[in-house]
Amino acid sequence: MNKPVPPDELMTDEDGPLYAPRKKVYPQSVSGRFRSIKWRLMAVCLGVYYLLPFVRWHRGLGAPDQAVLIDFPNRRFYFFFIELWPQEIYYFTGLLVLAALALFLMNALGGRIWCGYLCPQTVWTDLFYAVERLVEGDRRAQIKADAGPMTAKRAGRRALKHAIWLMIAWWTGGAWVLYFADAPTLVRDLATFQAPAIAYVWIAMLTASTYLLAGYMREQVCVYMCPWPRIQAALTDEWALNVTYKYDRGEPRCSVKKAFDIRSLGEKAGDCIDCNQCVAVCPTGIDIRDGAQLGCIQCGLCIDACDAVMTKVSRKTGLIGYDNDINVQRRVAGKQEIFKPVRARTVVYAGLITVVCAVMLYALMSRTLLDVNVLHDRNPIAVRLSDGAIRNGYTLRFLNKRGFDRVIAIDVDGPADAKLHVIGADSVTPDRPMIVLARDTTTELRVLVTAPLDERAEKSVPVTFRVTDIGLGEVASATDHFVLP
């Protein structure tokens, strides 16, 4: 029998650890085109998230006037002029499909655009970084402070930083619950400790998650927790633009003085001066010059840092930029760069987005605000009356999605000479029952359909209930079966 080999002997010198402990990243502040884009997008995203619950939208008497509201007690979702019912959950499915296709299209055009500019983890982490720099200073000041002893001044700054972080995290959790109730009312109830306990629970949970994810875990979320980098890597192709170090121009690296000496001898010297500014500003701490990496969120901050350095040393900017390996190889070969934003992949994604949007828009614009469903009685299924007629019982469920009461007429088509009777509801026209449906609600009625016995009739015949709005002319129908005993 072979003797088992101890696990430590199975490890070779080339094997690395299965887990890499986190090394704190100190991103340096940077200014430039992409940083400005990120600031603007952050302001828009945070502004929409925090302020949207307070936007009002008049929907009529008795209806909520909050523009965006998820009303669980009344089972409604309001988005400005759109009101969705639980029966219309397929719209949310369509939105998820659109979100996925939009991610795929962004990936095909510019890599991880979502990760670098719009992802909530990126947006809130950027905000926390801004607070950290404001309170504790930039990269060098933070590194120096962490390397030194704890002082009263440093402790005070750290306490202030965490207090601001907690305030931001608390308002993030508070803003979330405002989407599920009238925002001004809930804010007042929260302040006076009269809000439901579940509101405080959710605020506490979201406060803790925001504080931990944006304040501590940061790049670990992108590298280890988020599945999108793995999915994105499988979906990308060779034409997608990614933040790329143009090694054909940057190598070999050398200082400005050394590059001057090398070039004076007629030899090649790269434009990269090995200043490491691209590493210093990276929020995940990677070196973009090492090529494509899972930790790169494509935020473009290394582009701004490199462009600033190139400007200072009087060299052409764009040493790091949105590019692909195909163009790097073409430049090495002395060929012209080629960009293909319009190709089969992007056309398919854009086409699918257009189709899904068109279908959802058509369904939304053509949907009826009056609906009816029918359920046949189970026991007894049918009853033979003393005069030989046959009676079937049904439960009709009416759905009035309008914000006002409406009068409807109920007609039945199916067995010959069938008569319809509504149980427990008054109607001024017995031969054609007319019922008042309350606004924005569901109404159930028991109805009886009676028809004379026809020996030549089939055992089961279709029966259709047609509902007509007397004022607006809207029509809805539902079909079941009229059966013989």
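User: Leaving aside neighbours within four places in sequence, which residues is Phe-339 in contact with?

Analyst: Let's start with the idea: contact means heavy atoms within 4.5 Å. Here, Phe-339 is in contact with Leu-241, Asp-323 and Asn-327, once neighbours within four places in sequence are set aside. Before we go on, please keep in mind that this is a predicted model, where local features need pLDDT of at least 70, side-chain atom pairs count only at pLDDT 80 or more, and totals for chains, interfaces and linings use all residues. Residues are numbered from 1 along each chain as its sequence is written, and side-chain values use heavy atoms, with hydrogens and water left out.

User: Where is the place of Phe-339 in the chain?

Analyst: Helices (H or I, at least four residues) and strands (E, at least two) are DSSP runs, numbered from the N terminus. Phe-339 sits in the loop between α16 (325-332) and α17 (344-366). The C-alpha atoms of Phe-339 and Ile-326 are separated by 9.3 Å, and these residues are 13 apart along the chain.

User: Does Phe-339 count as buried, exposed or partly exposed?

Analyst: Buried means under 20% relative accessible area, exposed over 50%, and partly exposed in between (1.4 Å probe, protein chains only). Phe-339 has 42% relative accessibility, so it counts as partly exposed. Now try Asn-107, which is found in helix α3 (residues 90-110). Asn-107 counts as buried because its relative accessibility is 1%. Not counting residues up to four places away in sequence, Asn-107 touches Trp-228, Gln-232, Leu-235, Thr-236 and Ala-240.

User: Which residues does UniProt list for "transmembrane region"?

Analyst: UniProt positions are given in the numbering used here, feature names are shortened, and annotations may be inferred rather than shown by experiment. The UniProt record, an unreviewed entry, lists residues 89-109, 163-181, 193-214 and 346-365. You can compare the record with the model. Residues 89-109 are 95% helix and 0% strand, and the end C-alpha atoms of that span lie 31 Å apart. Residues 193-214 are 82% helix and 0% strand, with end C-alpha atoms 28 Å apart.

User: How many residues has the largest nonpolar core?

Analyst: A nonpolar core is a set of buried Ala, Val, Leu, Ile, Met, Phe, Trp, Tyr and Cys residues joined through side-chain atoms within 4.5 Å. The largest one here has 27 residues, and those with the most contacts inside it are Tyr-394, Phe-398, Ile-408, Ile-410, Phe-465 and Phe-482. Elements giving two or more residues to this core include β8 (390-400), β9 (406-413) and β13 (460-469). Another core, of 20 residues, lies apart from it, with Trp-124, Val-135, Ala-175 and Tyr-179 among its members. Back to Phe-398: beyond four places in sequence, its touching residues include Asp-371, Ile-408, Leu-437 and Val-467.

User: What is the order of strands in the open sheet of 4 strands?

Analyst: Two strands pair if DSSP finds at least two bridges between them. In this sheet the order is β11-β9-β13-β14, with antiparallel pairing. β11 and β14 are at the edges, each with a single partner strand, so one side of each has no neighbour in the sheet.

User: What is the order of strands in the open sheet of 3 strands?

Analyst: There the order is β1-β2-β3, again with antiparallel pairing. The edge strands, β1 (68-71) and β3 (82-84), each pair on one side only. Between β1 and β2 (residues 76-79) there are 4 bridges, and Leu-69 has Tyr-78 in β2 as its bridge partner.

User: To how many disulfides does the count come?

Analyst: A disulfide is a covalent bond between the sulfur atoms of two cysteines. The rule used here asks for a pair of cysteine sulfur atoms within 2.5 Å, and the count comes to 0. Cys-222 is in no disulfide, as the nearest cysteine sulfur, that of Cys-119, is 6.3 Å away. Cys-222 counts as buried, at 13% relative accessibility.
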